[in-house]
Structure formats: C-alpha cells, structure tokens
Amino acid sequence: MGKHDINAFLGGATSFVGRLTFGGVVRIDGEFDGEILSSGTLVVGSQARVTGRIEVGRLVCDGFVSAEVSAATSVAIHARGRLSGSVYTPSLTVDEGGRLDGAVRMGEAAEAAPALAAGTSPNSSQKPDHEA
C-alpha cells in the first residue's frame, strides 16, 4: 500500500474526538478518540493513539489501539503495534514484537458487533447481565 493509495490522513500533531466514516484507506498518525466505521482499511501509524470503537474491513496496527475492534477481513498487528481490547475478525496476524491484550473471537465479522456490545461470544448462550 503506497502513499497514493491513502484517501485521508490524520497527521501526528493532530487530535480528533468524534466519529469517522470513510471509504478506501485512511491513515491515522495522531490521536483519535471515538468511533470509526468503514468497509475500507484503517492504518494506525507507529506514533498514533486510537481509542474507542473500530468497525472496519481491515485494520493495520503499527501504533497504539485501545478499542473494541471488529474487522470484516483482517487485523494485522505489526512489530511496534499494541492493541488492547476485544477483537473480532476472521484473520489475525501478530508480528514478532507486536502485542495483543484482550479477548479475541475468530469468525464472521458480521456476528461481532452485537456479541461484543452485549459482552458475550457470538456462539454463546450467555445473556448479558442486564437481560438475565
């Protein structure tokens, strides 16, 4: 993926709080807190800090992510990448040196959002505490 493939860019000296929706590829090198929704690719650069909820087609993590993550295609955590939180994706790659702290569910990403939000596994018969 080259720099000409990127549709939008949040630079290193930038911080944003809110909701981001996009198509194609977006790279974040700054700070983002909120919700990211896309069928495209989110690239989290080595100096980036992203917190909140992420629902994308593909996540490439080379920075710090603390979020509930649902990726329809794949999640890749590179050597400098740190991901803390719940992850739901059919394909997960963690390079040597990369770190993942949290719950991981492998399967169809479409099942992820309701299950993660409810705090249960998509294949579980558990009900969230508020429905018990």
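Reply: Happy to! Two strands pair if DSSP finds at least two bridges between them. Helices (H or I, at least four residues) and strands (E, at least two) are DSSP runs, numbered from the N terminus. This is a predicted model, in which local features need pLDDT of at least 70 and side-chain atom pairs count only at pLDDT 80 or more, while totals for chains, interfaces and linings use all residues. Residues are numbered from 1 along each chain as its sequence is written, and side-chain values use heavy atoms, with hydrogens and water left out.

Let us start with strand β7, residues 64-77, where Ser74 is found. Strand β6 (residues 49-61) runs parallel to β7, and twelve bridges join the two. Across that pairing, Arg58 stands opposite Ser74. Arg58 is also one of the residues that Ser74 touches, along with Gly57, Leu59, Thr89 and Ser91; a contact means heavy atoms within 4.5 Å, and residues up to four places away in sequence are not counted. Ser74 has a relative accessible area of 13%, so it is buried (buried means under 20%, exposed over 50%, partly exposed in between, with a 1.4 Å probe and protein chains only).

Strand β9 (residues 87-89) is joined to β7 by two bridges, with Ser70 opposite Tyr88. Strand β10 (residues 92-94) is joined by three, and Ala76 stands opposite Thr93.

Now for the charged side chains. A salt bridge is a side-chain nitrogen of Lys or Arg within 4 Å of a carboxyl oxygen of Asp or Glu, and a search of the whole structure finds six. One of them joins Arg80 and Asp62, whose closest N and O atoms are 2.8 Å apart. This pair links distant parts of the chain, 18 residues apart: Arg80 lies in the loop between β7 and β8, and Asp62 in the loop between β6 and β7. Arg80 is exposed, at 55% relative accessible area, whereas Asp62 is buried, at 14%.

Elsewhere, Arg27 and Asp29 meet through their side chains at 3.0 Å, N to O. Arg27 counts as partly exposed at 25%, while Asp29 is buried at 14%. Asp101 and Arg99 form another salt bridge, at 2.7 Å between the closest N and O atoms. Finally, a network of salt bridges links Arg19, Glu35, Arg53 and Glu55.
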